[in-house]
Amino acid sequence: MSSENALHHEHEHHEVELSVWPLVIGLASLLIPFAFMAAFQWSSPVIGLLLTGVSVVLLLIGCFGWASEVYSKNQDVGLSKIAILIFIISEILLFGGLFGGYFYNMLPAEVWPPANTPDHVPPLGLALFLSIFLLSSSGTIHVAEMKLEKGDMGGFKGWLCLTIILGLLFIIGQAKEWAGLIGEGFTVSTNAFGTFFFTITGFHGSHVIVGLILQIFVLLLGSRITKKSHTIVKATGYYWHFVDGIWLLVLSLMYILPYYGI
Amino acid sequence: MSNEEPKGLKAWLLTTDHKKIAILYLYTAAVFFIVALLLAVLMRTELLTSDKLIFGPKLYNVFFTIHGAAMVLFWMIPVLLGFFANYLIPLMIGARDVAFPRLNSLSYWFYAASGVIAVLGLLLPGRLDIGWTGYPPYSITTEANTALYIFAVHLLGASSIGGAVNFITTIITMRAPGMTWGRLNLAVWGFFGAFIIQLIGVPVLAAAVTLLLFDRYLGTNFYDAAQGGSPVLYQHLFWFYAHPAVYVVALPVFGIVSEIISTFSRKKVFGYTSMVVAIMIITVLGFETWIHHLYVAGVANWSRVIFMWATILIGVPTGIKIFNWLATLHKGSIRLTTPMLYALGFISLFTIGGVTGIANGLLGFDIHVHDTHWVVAHFHYVLALSMTMLCIGGVYFWFPKMTGRMYNENMGKLAFWITLLGSLVAFMPHFKLGLDGIPRRYWSIPEVYSSMMIISTIFSYIAIAGFILAIYNLIVSAINGEKAGDNPWRAKSLEWSIPSPPPFYNFEKIPVIEEGPYEYGKPGS
């Protein structure tokens, strides 16, 4: 308790804080539905694309403004470590919902994957190969954190870069896998397995990308990260381990079991 | 940054102060509440006759869609977790703000953006007529703008998860020295349970509607039975969150009732520990009941039986709470102020709704009344009217704290009695309609029930008039009410120990807590 209560006593001069960045990100989020509606409901994809672009730019401005505000005021008090673990619970439930839906379709089926699934689907060999990158990156980010704790900033950055490269290789590999499958005619619309396969691997892939963005962000923070101010590094690490853990489930349920016809 | 409190529009739009954000939530939620009330007036008027009176079936579908969504998603949950939780948690645990003030602000803006999208769903061509549940296959095959419904849910979900992460972290880490878990206000416990449900449930709802989006626009087959999918899957995913969402509303309400009853009985809450345990049991058990919404949707018999038992089991912790409130009142020194009347009114309406809920949960009975007006009557008692009344009572209770002024007590009591009269009667006819098998969501009710429909309509007008009068009283009193002093109720809870309205830093010095919030009946109290 005592260390956390230091938090209360820090600001005895009672600062009032105003921040424009949440409003900027809120505006960016408001544009997304309009972009989608423009593209899909009002059939004007150009406007849709334009709105998406504006939204992404606003989002980036908002995120960087927010981050620079936090670091310029030196407000890192370590609460994000707990918050990210709480957030990961909610992420687990998101995947829980998707896997629940998958089981709901798979369990009653007599033949799984359905009969019109191409023979080489799912491509287990490539998935196992890509797993090497992703799983080893959990180790490399752990080494990076240990280097940081020892104060070895060079080592920290090196191992973090290695983690980013491994993550990127995984994403590139998965993009090639998707392109190959779609090129051979296996798509979301092929059957229930196709629908779930692309959705679940896609959701996981998008989480890998978020993890990578976090890591690149940590790298950009540069000298603001120190042995003492490293909450974001810990949070990024937890998130990355979570993404890896989910991959083990995705690998088992979407590749290994269907490969053996389960 | 200065030590002065900034003023003007900028101070509101860019604020990271939990009290200001809370009040933004209150204003926004109140707007949606009034919109939903107006839609209710329109629908009740249309139902006066079995023929078309003003607008007919197509708009009726739109109106009940927006009425339901606005009441549950944009009024009740935001007013409880956006307004009450935001305003009260830091004050009750002895903190200067929440763990992540900017995230708190972002949660509000996500909610506001979602509100804009929902209003467009009502106004733009392709009006949303898919029900607040958005069931496929209709939501996929309709010409309506299903995407707006989905994005409104997404933005609200982002807001809710941000709020849940923020407040759970706040409650765990930012309690003042001596504020042990056993000394937390029951309101804080209620918020805590509700945020846990949000954290666990909302992502599953987000998954459900995302798959709906893919099906509608990207050609997937999740819910299309013709392609090997199943529309029942949507109902599972949807109700996995949407049933516990009832407890997201109920748990904070239970907490607030405990605060009001303890204060105006000048007694410690009876059975504090059992109250906390009941909240936590409901938090967990709430996730084991969703299939009672699918009794007739085609689910396995074993699951219907298991979920029936879990549903009825919820009655036990809920009953514990009702009996504990009554035991708190017993031999208390009771003051029938406006908030106290609302709390007592809540208990009576909630008990009517709760008992009919037990009947509803019974598989054999529910198969008869499923999707009939019985259900409409049940949830308007148990959720809509009772909890809304309590929310208004809660605003009255903390009104002197927020504004430093006192509301008009006579007008407050009058508004309460008008609302109670209207609420008690308005939905009674619907129980009969439901038992006779009249399905809900129809714009026209058979001629034979016309006298009942007239009673229902008149008393719903009365209830709504009561709500409007209560809101009017608050607005007028906020402007020129009498000065209330820091602690007009002589309450023992921490938020009453600071000035009214609270300074932006809340506590001059972080307090050291030595006793719980309900220590009444001691010398000098």
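Analyst: A crossing counts as left-handed if the near helix is turned anticlockwise from the far one by less than a right angle. In this predicted model, the crossing of H7(B) and H8(B) is left-handed.

User: Why are H7(B) and H8(B) called roughly antiparallel?

Analyst: Helix H7 (residues 186-217) of chain B packs against helix H8 (residues 231-242) of chain B at an angle of about 150°, and their axes are 7 Å apart. Angles over 145 degrees count as roughly antiparallel, and the two helices are therefore described as roughly antiparallel to each other.

User: Which residues of H7(B) and H8(B) meet, and how do they divide into nonpolar, polar and charged?

Analyst: From H7(B), the residues include B:Val204, B:Leu205 and B:Leu212, and those they meet in H8(B) include B:Leu237, B:Phe238 and B:Tyr241. The residues of this contact divide into 12 nonpolar, 1 polar and no charged. B:Gly201 is among the residues of H7(B) in the contact, and Gly counts as polar under the definition used.

User: What makes up the side of chain B that touches chain A, and which element gives the most to it?

Analyst: The contact takes 62 residues from chain B and 52 residues from chain A. On the side of chain B, the elements that give two or more residues include helix H4 (101-123), helix H6 (146-173), H7 and H8, and H7(B) gives the most, with 11 residues. The residues of that side divide into 43 nonpolar, 15 polar and 4 charged.

Terms used: Residues are numbered from 1 along each chain as its sequence is written. Chains are lettered from A and ligands numbered from 1 in the order in which they are written. This is a predicted model: local features need pLDDT of at least 70, side-chain atom pairs count only at pLDDT 80 or more; totals for chains, interfaces and linings use all residues. Axes are lines fitted to C-alpha atoms, for helices over the stretch in contact, and angles run from 0 to 180 degrees between N-to-C directions. Helices (H or I, at least four residues) and strands (E, at least two) are DSSP runs, numbered from the N terminus. Angles under 35 degrees count as roughly parallel, over 145 as roughly antiparallel, 65 to 115 as roughly perpendicular and the rest as oblique. Two residues are in contact if their C-beta atoms, placed from the backbone, lie within 7 Å.
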